[in-house]
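Today I am opening a new structure and writing down what I look up, one entry at a time. Come along and check each entry on the picture.

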Amino acid sequence: MSGATVRIAREEWRWLARSRVALVAGVLLLLLIITATFTSVQKHEAIDEARARYQSEQIEQFYNQPDRHPHRMVHYGQYVFRPLAPLAFFDTGVDAYTGNMVFLEGHRQNSANFAEARQSSLMLRFGQLTPAFVLQTLAPLLIIFLAFRALAGERERGTLRLMLAQGISARQIVSGKLIAHAAVAGAIVLPALLALTIMSASSGASAQALLIILGYCAYLIVWTLMALVLSALVPRARDALLALVALWMVTVVLLPRGLPELVAASQTLPTRIETEVAIGRDLKAIGDSHDPDDPYFNDFKMEVLARYGVSDVQDLPVQYAGLVAMEGERLTSDLFNRYAADANAREDRQNALVRTFGLASPLIAVRQLSMTLAGTDLDNHQDFLSQVESYRYSFVQHLNRMQAEQIPAVNPGEDPRIDASNWLEVPGFAYVAPNPLAYAGGRIAQSFGILAAWLAGLACLLILAARRLERIAR
Amino acid sequence: MKSETADAVLEARHLRHSYGARRVLDDLSLRVGAGEIYALLGGNGAGKSTTLNIFLGFVRPGSGSASVCGIDPSTAPDEARAALAYVPESVALYDHLSAYENIDYFLHLAGANRHRTSVIDPALDDVGLVASARGQRVGGFSKGMRQKVAIALALARNVPVLLLDEPTSGLDPRATAEFNDLLEAARKRGIATLMATHDLLSAAAVADRIGFLREGHLDEEVAANGGARFDVDALFRRYSERRESRTA
């Protein structure tokens with residue numbers, strides 16, 4: 001790097017510092033990022049604390065239930081809360097729309113699966129005042145406002161010729177401007193970097209935090225390059241500004257909202273009502289355990305009697321109704337799981353398609369990257385639901401087994417109950433947050449690849465624009 | 001005052017250049033020696049700016065060659081530009097910087113010594129920019145003051161060649177006289193000056209030789225005649241005739 005290049009960068013900073021509009025806009029954006037970071041951290045901590053408290057209260061209530069029939073406990077159910085990922089303060093992703101509290105009971109899939117809000121890729125349209133939102137949406141605007149005149153202004157003012165006449169090359173001029181505005185992009189990311197460093201230090205998410213910062217640096221440098229390429233190609237600064245704002249509207253506003261709509265139209269998901277109707281129809285087809293002539297449950301009864309070597313359910317060492325409950329739960333859960341897997345597969349196809357659209361809009365690429373690394377993307381939510389459903393099944397079957405084994409098979413009385421101490425044997429839900437680097441390494445690499453492609457493409461364009469600058473300087 | 005036979009610091013040899021079908025330079029040859037002021041006189045579109053652009057390396061001639069201190073600007077533009085100082089018609093400076101800061105910046109880009117007391121201040125003294133204005137932002141400067149800053153930059157760079165594009169355009173008579181004094185200062189430093197202009201009086205007042213450029217071709221070249229310099233009336237008649245014949 002030559003001394004002239006560094007001096008050009010320094011002069012650009014001096015101009016930014018002396019330009020009141022640039023200074024005010026820069027300070028405002030930094031304040032906005034700091035405010036968004038501070039409020040997001042506060043909100044994150046408050047939500048986390050509330051969820052932990054509610055979860056604890058809920059567990060206490062469940063374990064303090066009096067003597068009951070186990071099947072009543074199956075329907076008493078449990079609430080489980082998803083703990084926030086340590087970096088969720090930075091990018092809330094789809095959390096605000098998918099919910100984090102799930103009610104678990106027998107015969108039913110957890111309340112979050114098939115929820116209407118889970119219209120997959122459409123959730124990518126939303127935005128909140130988080131550090132991620134400010135960096136994705138507003139920071140590019142600041143970069144545009146600060147950089148649009150970097151080269152077009154020199155050309156318009158006539159100083160470009162004078163600079164070249166000092167014996168420096170257009171490449172040095174463009175490099176100096178790039179250094180200056182890339183450093184501005186770095187300064188924009190700095191408050192988020194500090195917050196992520198502090199928040200990730202105690203949570204073991206430092207690698208994710210580092211990758212988030214790298215991703216946003218790449219994203220903002222993409223915008224810096226875009227601004228400089230257009231500033232070099234367009235003869236007047238005003239025209240460069242108009243072109244860049246139009247580009248911002250298309251890639252930040254239009255495409256990230258319009259493309260998921262196209263995906264949703266081409267890869268439709270059934271609505272919750274449609275799913276419930278379909279599940280209801282399939283449940284009927286499985287059979288009715290209360291119907292003595294139901295062929296499936298008649299076969300099941302025969303199989304149970306044979307297994308225990310008895311000829312009548314009254315002779316079973318366990319309560320037959322409890323066994324039927326277990327079998328019914330197994331069947332319905334299989335059915336629910338098939339529907340859930342189908343819905344997840346459709347959502348995965350939608351999201352895979354949306355991810356490829358990062359080639360059309362770098363915002364899509366960085367948003368996917370940011371949500372994944374913050375642990376707030378749809379895949380992370382699906383993993384939570386999968387763990388919850390797995391737990392729900394074992395929880396319900398645990399109670400059904402108590403019914404089968406502890407409620408007398410013959411003459412149980414009018415209100416049969418088991419001792420309350422049994423509830424303590426029901427294991428609690430222990431959520432294991434997945435590591436995004438392990439479960440989404442490919443997707444993270446894909447997002448970085450797309451951003452790298454943007455950087456490489458724009459860098460080539462800037463090199464060509466620099467050569468053209470020298471020619472048009474005459 | 002240098003003679004035509006002095007060693008050429010700036011030289012054009014049979015330059016030809018066209019923009020599309022329009023020929024702007026047609027076998028132009030000229031030489032400017034050290035400490036010499038050469039005025040290239042011509043109307044709009046005569047090829048003056050293209051000639052300067054060729055010396056600056058911004059335009060590669062269709063045929064012929066140019067050299068700045070022996071360097072061909074079409075093959076080594078950065079080196080050629082390092083050997084010359086250029087003052088455009090509309091002096092482009094950074095309005096948010098002071099005169100000092102502008103000169104310091106461009107000197108840094110040129111890789112030149114930019115010591116304030118030993119380089120910048122003497123150059124500003126030579127061009128006569130008052131001390132109180134030197135620390136002020138140039139946004140409020142008149143054209144004459146801006147030109148002084150640009151010439152001071154050229155002097156501070158201490159290069160052997162000075163290219164001026166329409167330097168007296170828009171200057172009042174007093175500022176033009178001051179400008180002519182600046183060129184004398186440059187001459188005393190041994191700088192070869194090529195000035196593209198259509199200001200006959202200014203050219204006659206300061207130039208050692210005047211080249212009449214018409215449709216890209218050097219029609220005639222006249223040299224100053226000792227202390228008496230030029231017969232301005234005769235020059236004016238020649239210049240007018242050429243303009244009229246071109247118009248006809």
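**Entry 1: the strands of chain B.** I looked up strand S1 (residues 8–19) of chain B first, and found five bridges joining it to S4(B), with the two running antiparallel. I noted what a strand is here: strands (E, at least two residues) and helices (H or I, at least four) are DSSP runs, numbered from the N terminus. Two strands pair if DSSP finds at least two bridges between them. For S4(B), I wrote down that Arg13(B) stands opposite Ser65(B) and that Glu11(B) has Ser67(B) as its bridge partner.

This is a predicted model, so I kept its limits in mind: local features need pLDDT of at least 70, side-chain atom pairs count only at pLDDT 80 or more, and totals for chains, interfaces and linings use all residues. Residues are numbered from 1 along each chain as its sequence is written, while chains are lettered from A and ligands numbered from 1 in the order in which they are written.

Next I followed S1(B) to S2(B), where nine bridges pair the two in the antiparallel sense. Ser18(B) has Arg23(B) in S2(B) as its bridge partner. S1(B) and S2(B) form a hairpin with two residues between them, and Gly20(B) in the turn has a positive phi of about 65 degrees.

**Entry 2: the whole sheet.** Which order do the strands take? I read S2-S1-S4 in chain B, an open sheet of three strands with antiparallel pairing. Strand S2 (22–33) and strand S4 (63–68) of chain B are the edge strands, each pairing on one side only. From one strand to the next, the twist averages 15 degrees.

**Entry 3: where the chains touch.** I found 18 residues from chain B and 19 residues from chain A in the contact. Two residues are in contact if their C-beta atoms, placed from the backbone, lie within 7 Å. On the side of chain B that touches chain A, helix H1 (48–56), helix H2 (77–82) and helix H3 (99–110) of chain B each supply at least two residues. H3(B) gives the most, with five residues. I sorted that side of chain B into 12 nonpolar, four polar and two charged residues. Ala, Val, Leu, Ile, Met, Phe, Trp, Tyr, Cys and Pro count as nonpolar, Asp, Glu, Lys and Arg as charged, and the others, Gly among them, as polar.

**Entry 4: two helices of chain A.** I counted 17 helices and two strands in chain A. Helix H13 (residues 320–356) and helix H15 (residues 378–406) of chain A pack at an angle of about 175 degrees, with their axes 10 Å apart. That makes H13(A) roughly antiparallel to H15(A). Axes are lines fitted to C-alpha atoms, for helices over the stretch in contact, and angles run from 0 to 180 degrees between N-to-C directions. Angles over 145 degrees count as roughly antiparallel, under 35 as roughly parallel, 65 to 115 as roughly perpendicular and the rest as oblique. The residues of this contact divide into eight nonpolar, nine polar and four charged.

**Entry 5: confidence in chain A.** I looked up pLDDT, the predictor's confidence in each residue, from 0 to 100. Chain A averages 86, and 94% of the residues score at least 70.
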